[in-house]
Amino acid sequence: MDLDDEFNHLDLSSVDGRSESRRRICDGCGRPENVCLCGSLPSEPISTATQIVILHHPHEHRHKLSTVPILTKSLLNTHTIVGRRLRRGSSPLLDSLHSSSSSDQSPRAIYLFPGPTSTHISQLNPNPGTVLILFDATWKHAKEMVDASAEYLSTFAIRACLDCDFGETGGNVFDSELILRKEPFLGCVSTMEAAARALRSLEPNGPEIETRLLNVLRDMVRFQASHLKPMKPRPKLLKKGKPKKEFE
């Protein structure tokens with residue numbers, strides 16, 4: 001989820017002609033009133049048996065394109081922690097899992113992050129009420145957060161993943177109606193999309209929840225894309241894209 005150049009070309013000043021510091025913030029969605037998403041949000045936060053814990057990196061917490069604020073407005077059972085790692089004391093919910101022992105083979109908690117040791121979430125058979133842990137940060141920071149939290153999580157959580165291809169470059173806001181920023185690998189998604197895809201497998205009415213969340217995200221992406229300034233290709237990329245000259 002690396003910050004891409006597209007964000008530097010967002011032309012939000014054209015929306016209302018005022019500086020950001022003077023914008024009025026909507027009480028409902030927490031966004032500037034002129035870009036309010038309340039009309040896209042569920043009338044009531046969606047209730048799930050799954051409890052969702054989000055570790056929100058401090059840098060991402062201040063980022064304008066973070067999907068976490070909209071996700072927490074859309075889902076009822078979400079808990080956000082601003083920090084760089086999970087450890088004892090970070091969350092009473094996670095501490096209760098860490099302290100309790102269970103002979104049940106089903107995972108009590110799942111944390112999403114791709115890698116060779118991750119199990120695809122569709123292959124798991126969790127019990128109702130499983131805790132889903134998400135890491136919200138750039139790719140580099142998210143990896144650091146997962147590594148720093150691994151020892152704590154190892155006693156009660158299993159590492160899972162969605163579809164991801166490390167051999168293919170990820171898309172950007174121009175390639176997909178669900179991508180807000182340039183992604184490093186194919187299959188890397190925003191935190192909101194990751195939650196939607198995971199709940200599809202974890203909840204009895206998962207497909208319905210997934211659709212509702214993705215509709216909110218789609219509206220957010222559509223708005224951001226409509227206010228992007230046209231970008232000039234980077235000189236380096238232009239050079240790479242030129243056909244090679246043929247010599248006689």
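User: In this model, which residue of S5 is the bridge partner of valine 53?

Analyst: That's isoleucine 133. Keep in mind that the model is predicted. Strand S1 (residues 51-56) pairs with S5 in the parallel sense, over 6 bridges. S3 and S5 also run parallel, joined by 3 bridges, and there alanine 109 stands opposite valine 131.

User: Why is the pair of phenylalanine 113 and tryptophan 139 called stacked?

Analyst: Stacked needs planes under 30 degrees apart, with centres within 6.5 Å. Here the planes sit at 20 degrees and the centres are 5.2 Å apart, so the pair is stacked. The pair also links distant parts of the chain: phenylalanine 113 is in the loop between S3 and S4, tryptophan 139 is in helix H6, and they are 26 residues apart.

User: How do you know that phenylalanine 113 counts as buried, and what about tryptophan 139?

Analyst: Buried means under 20% relative accessible area. Phenylalanine 113 has 7%, so it counts as buried. Tryptophan 139 has 17%, so that residue is buried too.

User: What makes tyrosine 152 and phenylalanine 156 an edge-to-face pair?

Analyst: The planes have to be over 60 degrees apart for that. These two have 80 degrees between the planes, and 5.5 Å centre to centre. Both residues are buried.

Note on methods
Residues are numbered from 1 along each chain as its sequence is written. This is a predicted model: local features need pLDDT of at least 70, side-chain atom pairs count only at pLDDT 80 or more; totals for chains, interfaces and linings use all residues. Side-chain values use heavy atoms; hydrogens and water are left out. Rings of Phe, Tyr and Trp (its six-membered ring) pair if their centres lie within 6.5 Å; planes under 30 degrees apart count as stacked, over 60 as edge-to-face and the rest as tilted. Helices (H or I, at least four residues) and strands (E, at least two) are DSSP runs, numbered from the N terminus. Buried means under 20% relative accessible area, exposed over 50%, partly exposed in between (1.4 Å probe, protein chains only). Two strands pair if DSSP finds at least two bridges between them.
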